Amino acid sequence: MFGLDKAEVFTTLDIEKFSRVITALSEAGIKYTTKTVNNGARKDRSALGRIGEINSISCQYYVYAAKADEQKARHIADAALTGMN
């Protein structure tokens, strides 16, 4: 979509924050791409290897926008999260 002309405008471990940000960007007409990185246990590990792992932070969510829209996208992301605990 953007090739090399993109900037990371938001990253989080929280799926709710991720959802709020991409919804706000869509509503504002900002084109974006996303990437999700699973930092959790791999499928081939035994259950014992996952003891103590926190499922809610096992994925890192990234949002990218065109460099030309970077500042506007960051502002929209910040506004979408205002008042969220």
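Which residue lies over the face of Tyr 62? Lys 35 does, at 5.2 Å from the ring centre. The legends below describe a predicted model, in which local features need pLDDT of at least 70, side-chain atom pairs count only at pLDDT 80 or more, and totals for chains, interfaces and linings use all residues. Residues are numbered from 1 along each chain as its sequence is written, and side-chain values use heavy atoms, with hydrogens and water left out.

**View 1. Phe 18 and Tyr 61 form a stacked pair.** Phe 18 belongs to helix H1 (residues 15–27) and Tyr 61 to strand E3 (residues 59–66), 43 residues apart. Helices (H or I, at least four residues) and strands (E, at least two) are DSSP runs, numbered from the N terminus. Both residues are buried, meaning under 20% relative accessible area with a 1.4 Å probe, protein chains only (exposed is over 50%, partly exposed in between).

**View 2. Tyr 62 and Tyr 64 are stacked.** Their ring centres are 6.4 Å apart and their planes at 20°. Both are buried. The charged end of Lys 6 sits over the ring of Tyr 64, 4.6 Å from its centre; this requires NZ of Lys or CZ of Arg within 6 Å of the ring centre and within 35 degrees of the ring normal.

**View 3. Leu 25 in helix H1.** Leu 25 is buried, with a relative accessible area of 0%. Beyond its neighbours within four places in sequence, its contacts (heavy atoms within 4.5 Å) include Ile 30, Val 63 and Ile 76.

Conventions:
Rings of Phe, Tyr and Trp (its six-membered ring) pair if their centres lie within 6.5 Å; planes under 30 degrees apart count as stacked, over 60 as edge-to-face and the rest as tilted.
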